[in-house]
Structures are given as structure tokens and as C-alpha cells.
Amino acid sequence: MYFSSSGSGMVKQFATRLGRPVFDLSDRDVRRSVPDGPWVLLTPSYKTGNPDNDTLPEPVRRFLRNPLTRRRLVGIMGSGNRNFGAHYQAAAHHVARASGRPILFEFELQGTPWDLERAREILAELDVRFAEADD
Ligand SMILES: Cc1cc2nc3c(=O)[nH]c(=O)nc-3n(C[C@H](O)[C@H](O)[C@H](O)COP(=O)(O)O)c2cc1C
């Protein structure tokens, strides 16, 4: 799981509670690395004042420049805030559309304990699926 988080660090809080290895895209070395296998992106959305500007955090955009990184992406989780209406989860939707990968899960802000549990389940299911694929 690779995540981007800023501001209040709500995504970081969620990610570090998943109980699995997570990599913070605010770290330059992480951003420059390539995942060595299937990976999941967790991103917030940030609408700026500029209507032409989309909501994808810059660290995510940079990380996704590498074609191998893009190929190994299996799905996206998003953190957003419904107050943003039509822009709710815009960054996650943008990556899903551009990559053809599914949105695996969406939650608001730092997520509820139920959200955390559900995200853990989804990731555990992927672990099983990819372990089988390796056999
Ligand atoms: C300036 C600003 C713009 C935001 N724009 C959006 C948006 O367009 N869509 C959305 O779903 N959430 C939006 N959010 C909500 C954040 O994506 C959400 O709070 C997320 O949990 C923040 O994670 P972070 O604290 O780890 O950066 C915005 C929040 C802020 C502060």
C-alpha cells in the first residue's frame, strides 16, 4: 500500500492503522522507487481554487509517471469529504479512469473503525489472490 497524505495527515493515520507495510509518497526515496509487485494506491483528493486543476496530489502524479509502477497498480482506495459534492473522491476516480484499475474502497476523512476493518479485509483478499497467482 502506497499512500499520499498532507494537511491534517488523515490518510496517514488510516494507512498506519492497517497493520501492514505502507509507504509514504511524501518521502522522496519512496516516490523514486518502483513497487516490486502488485500494489494499491490510497489517495486523498484536493480541489484547488483553479477549476482547470484536478485534485490529484502531486506526489501521486509523480509516482505514477513510471510505466512499470502504473502496470503493477491493482486498485485504488480514496479518502475524501462529501462536502466537495461532484468532486468527492475526484483524485481516486481520475486515477481509476486513467489506469483502468478499480476503485477498491472509499471513505471519508480519517475513516471510521468500520472503514479500517473493511479496508483490511479487501487488502487481505488481494493478498490471497496474488499469492495464488504466484503459485
Ligand atoms: C483544501 C482542501 C480541498 C479538498 N478537496 C477535496 C475534493 O475535491 N474532494 C474530496 O473528496 N475531498 C476533498 N478534500 C478532503 C480531503 O481529501 C480529506 O479530508 C482527506 O482525508 C485528507 O487527507 P490528508 O489529511 O491525509 O491529506 C479536501 C480537503 C481540503 C483541506
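**Sheet and pockets in a predicted model**

Student: Which elements each supply at least two residues of the lining of the largest pocket?
Tutor: In this predicted model, β3 and α6 each contribute at least two residues to the lining of the largest pocket, and α6 gives the most, with four residues.

Student: What is the volume of that largest pocket, and which residues lie nearest its centre?
Tutor: Its volume is about 300 Å³, and of the 15 residues that line the largest pocket, M1, R20, P38, W39 and D127 lie nearest its centre. By class, that lining has 11 nonpolar, one polar and three charged residues.

Student: And the second largest pocket, what lines that one?
Tutor: The second largest pocket holds about 250 Å³ of space, and 18 residues line it, with P44, S45, Y46, S79 and G80 closest to its centre. Both α1 (10-16) and β4 supply at least two residues of this lining, which divides into seven nonpolar, 10 polar and one charged.

Student: Switching to the sheet, what's the strand order?
Tutor: Five strands form an open sheet in the order β2-β1-β3-β4-β5, with parallel pairing; the edge strands, each pairing on one side only, are β2 (23-24) and β5 (103-108).

Student: How many bridges join β3 and β4?
Tutor: Strand β3 (residues 39-44) and strand β4 (residues 73-80) pair over six bridges in the parallel sense, and W39 has L73 as its bridge partner in β4.

Student: Which helices pack on the sheet, touching β3, β4 and β5?
Tutor: Helix α5 (residues 90-99) packs there, touching β3, β4 and β5, and its direction makes about 160 degrees with that of β4. Helix α6 (residues 113-134) also packs on the sheet, touching β3, β4 and β5, with its direction at about 165 degrees to that of β5.

How values were computed. Residues are numbered from 1 along each chain as its sequence is written. This is a predicted model: local features need pLDDT of at least 70, side-chain atom pairs count only at pLDDT 80 or more; totals for chains, interfaces and linings use all residues. Side-chain values use heavy atoms; hydrogens and water are left out. Two strands pair if DSSP finds at least two bridges between them. Contact means heavy atoms within 4.5 Å. Axes are lines fitted to C-alpha atoms, for helices over the stretch in contact, and angles run from 0 to 180 degrees between N-to-C directions. On a 1 Å grid over the protein atoms alone, a cavity is a set of points where a 1.4 Å probe fits but cannot get out, and a pocket is an open set with protein on both sides within 12 Å along at least five of seven lines; lining residues have an atom within 4 Å of a point. Grid points are joined across faces, edges and corners, and a volume is the space filled by probe spheres set on the points. Ala, Val, Leu, Ile, Met, Phe, Trp, Tyr, Cys and Pro count as nonpolar, Asp, Glu, Lys and Arg as charged, and the others, Gly among them, as polar.
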